[in-house]
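Here is a short report on one protein chain. Keep the sequence and the 3D view open while reading.

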Amino acid sequence: PQASVQGAEHVKAGSGYALSFDGDGDYVRVADVKAMNITGANLALECWFKIDDPKATWRGLMGNYHSGTGGYMLAYTSDGVVFYNGAIPDGPGCSIDTGDGRWHHAVGVVDNGAMSLYIDGVKQGTSAFTGQQIKPSTYYFEIGRYGFGKAFSGQIDDVTVYDTPLTYAQIVNRYRKGKR
């Protein structure tokens, strides 16, 4: 689907490019809400990110989740990363050093309703809500923002959304191949 970039800039990142967000309203929006409105019991979200403002809270990395009404999202808080799915108000999360200046690989997986979060190829947590379905969302899929005004400060790269779960072996392989 097509996306519009609002203020974010392409910057050199390793051997390729990433999008840089200034934390002051930059984001990317996918225009086709239906294409990103994945529902059911299976999903995987994946991205690489590097944080410039480790003290900011609840900044969206990617997703179409909005205040418990539906959708899915990977976000960072001032001390870690969380994975939400509109079917469940509390998905898995973990603490990481958000001020380390390093790139991190985040993957959220919904596999037959059970949610798992992986950071840098390591499983960080699971919410065992087997049988839950991902609720539909009427919100845009956005990169670098959660809701209105929760803009990300840093860089995001290689954003991918799947309507199937990724296996642990696939996640570790993707982390190792893309390690920055």
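## Alanine 169 and its helix

Alanine 169 sits in helix H1. The model is a predicted one. Exposed stands for a relative accessible area over 50%. Alanine 169 has 54%, so it counts as exposed. Its C-alpha atom is separated by 14 Å from that of histidine 105.

Helix H1 spans residues 168-178, and its buried residues are Ile171, Val172 and Tyr175. Viewed down the axis of H1, they fall within an arc of 95 degrees, so they line one face of the helix. An α-helix has 3.6 residues a turn, so residues three or four places apart point the same way. The face of H1 turned away from the buried side carries Ala169 and Lys177, both exposed.

## What H1 packs against

Which strands do the buried residues of H1 pack against? They are strand E5 (42-51), strand E10 (104-111) and strand E11 (114-119). The helix lies across E5, E10, E11 and strand E16 (153-162). Relative to E10, H1 runs at about 165 degrees.

## The seven-strand sheet

E5, E10, E11 and E16 belong to an open sheet of seven strands. The order is E2-E3-E16-E5-E10-E11-E12, and the pairing is antiparallel. Strand E2 (9-13) and strand E12 (122-127) stand at the edges. Each has a single partner strand, so one side of each is left without a neighbour in the sheet. From one strand to the next, the twist averages 30 degrees.

Glutamate 9 has serine 20 in E3 as its bridge partner.

Is strand E8 (residues 80-85) mostly covered or mostly open? It is mostly covered, with six of its six residues buried. In a regular strand the side chains alternate between the two faces of the sheet. In E8, Gly80, Val82 and Tyr84 point one way. Val81, Phe83 and Asn85 point the other way. Both sets are buried.

E8 pairs with strand E7 (residues 72-77) through six bridges, in the antiparallel sense. A hairpin of two residues joins E7 to E8. Tyrosine 72 has asparagine 85 in E8 as its bridge partner. E8 also pairs with strand E9 (residues 93-95), again antiparallel, over three bridges. Here glycine 80 stands opposite serine 95 in E9.

Methods. Residues are numbered from 1 along each chain as its sequence is written. This is a predicted model: local features need pLDDT of at least 70, side-chain atom pairs count only at pLDDT 80 or more; totals for chains, interfaces and linings use all residues. Side-chain values use heavy atoms; hydrogens and water are left out. Buried means under 20% relative accessible area, exposed over 50%, partly exposed in between (1.4 Å probe, protein chains only). Helices (H or I, at least four residues) and strands (E, at least two) are DSSP runs, numbered from the N terminus. Two strands pair if DSSP finds at least two bridges between them. The arc is that of the directions from the helix axis to the C-beta atoms. Contact means heavy atoms within 4.5 Å. Axes are lines fitted to C-alpha atoms, for helices over the stretch in contact, and angles run from 0 to 180 degrees between N-to-C directions.
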